[in-house]
Amino acid sequence: HVPLVGANQPEIGFTRAELTKFESNLDGSAPALYRQAELYFASMDALKKGTATPGFKKVADDLGNFASGGLDGLIAVETR
């Protein structure tokens, strides 16, 4: 999946990606979530444009091939 995301990055237009694998909750128990992928865009307009592209559709359509537990898709705005 990561190569597919990378191959479509120019069309999607994200500026940075961060990938995380969760190891445990703070108490040491098994985490409820397995992985997290964060894609950064220059603006909300850039995100809207990028997620409307055929390249993003290819990436989204591939999620079912490995995300057997489903996924949560969230949009966040960085605050300082």
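How many helices and strands does the protein have? It has 3 helices and 2 strands. Helices here are DSSP runs of H or I with at least four residues, strands are E runs with at least two, and both are numbered from the N terminus. Read along the sequence, the pattern is α-β-β-α-α.

Some ground rules. This is a predicted model, where local features need pLDDT of at least 70, side-chain atom pairs count only at pLDDT 80 or more, and totals for chains, interfaces and linings use all residues. Residues are numbered from 1 along each chain as its sequence is written, and side-chain values use heavy atoms, with hydrogens and water left out.

Now the overall picture. The C-alpha trace spans about 40 × 35 × 15 Å along its principal axes. There are 80 residues, and 14% of them count as buried. Buried means under 20% relative accessible area, exposed means over 50%, and partly exposed lies in between, with a 1.4 Å probe and protein chains only. The accessible surface comes to about 6,400 Å². Carbon and sulfur atoms hold 55% of that surface. These areas come from the Shrake-Rupley method with a 1.4 Å probe, and for residues only the protein chains shown count as cover.

Next, contacts, meaning heavy atoms within 4.5 Å. Take the contacts with a separation of 6 or more: 52% of them join residues 24 or more positions apart.

Charges next. The protein has 8 positive and 10 negative side chains. The centres of the two sets lie 6 Å apart. Lys and Arg count as positive, Asp and Glu as negative, while His and the chain ends are not counted. Each charge is placed at NZ of Lys, CZ of Arg, CG of Asp or CD of Glu.

On to the largest pocket. Its volume is about 1,700 Å³. A pocket is an open set of points on a 1 Å grid over the protein atoms alone, with protein on both sides within 12 Å along at least five of seven lines, and lining residues have an atom within 4 Å of a point. Which residues lie nearest its centre? They are Q36, A37, E38, L39 and D72, out of 41 lining residues. Helix 1 (2-12), strand 1 (16-21), strand 2 (35-40), helix 2 (44-51) and helix 3 (54-62) each supply at least two residues of that lining. Strand 2 gives the largest share, 6 residues.

Start with I75. It sits in the segment after helix 3. Is I75 buried or exposed? I75 is exposed, because its relative accessible area is 59%. Leaving aside residues up to four places away in sequence, I75 touches M44 and L47. I75 and H1 are 74 residues apart along the chain, and their C-alpha atoms are separated by 20 Å.

Two residues come from the loop between strand 1 and strand 2. One is E23. Its relative accessibility is 74%, so E23 counts as exposed. E23 and L47 are 24 residues apart along the chain, with 29 Å between their C-alpha atoms. The other is G28. At 55% relative accessibility, G28 counts as exposed. G28 and T51 are 23 residues apart in sequence, and 36 Å apart in space, C-alpha to C-alpha.

Last, P54, in helix 3. P54 has a relative accessible area of 55%, so it is exposed. P54 and N8 are 46 residues apart in sequence, yet 9.0 Å apart in space, C-alpha to C-alpha.

Note on methods:
1 Å grid on protein atoms, 1.4 Å probe; cavity = no way out; pocket = protein on both sides within 12 Å on 5 of 7 lines; lining within 4 Å. Points joined across faces, edges and corners; volume = space filled by probe spheres on them.
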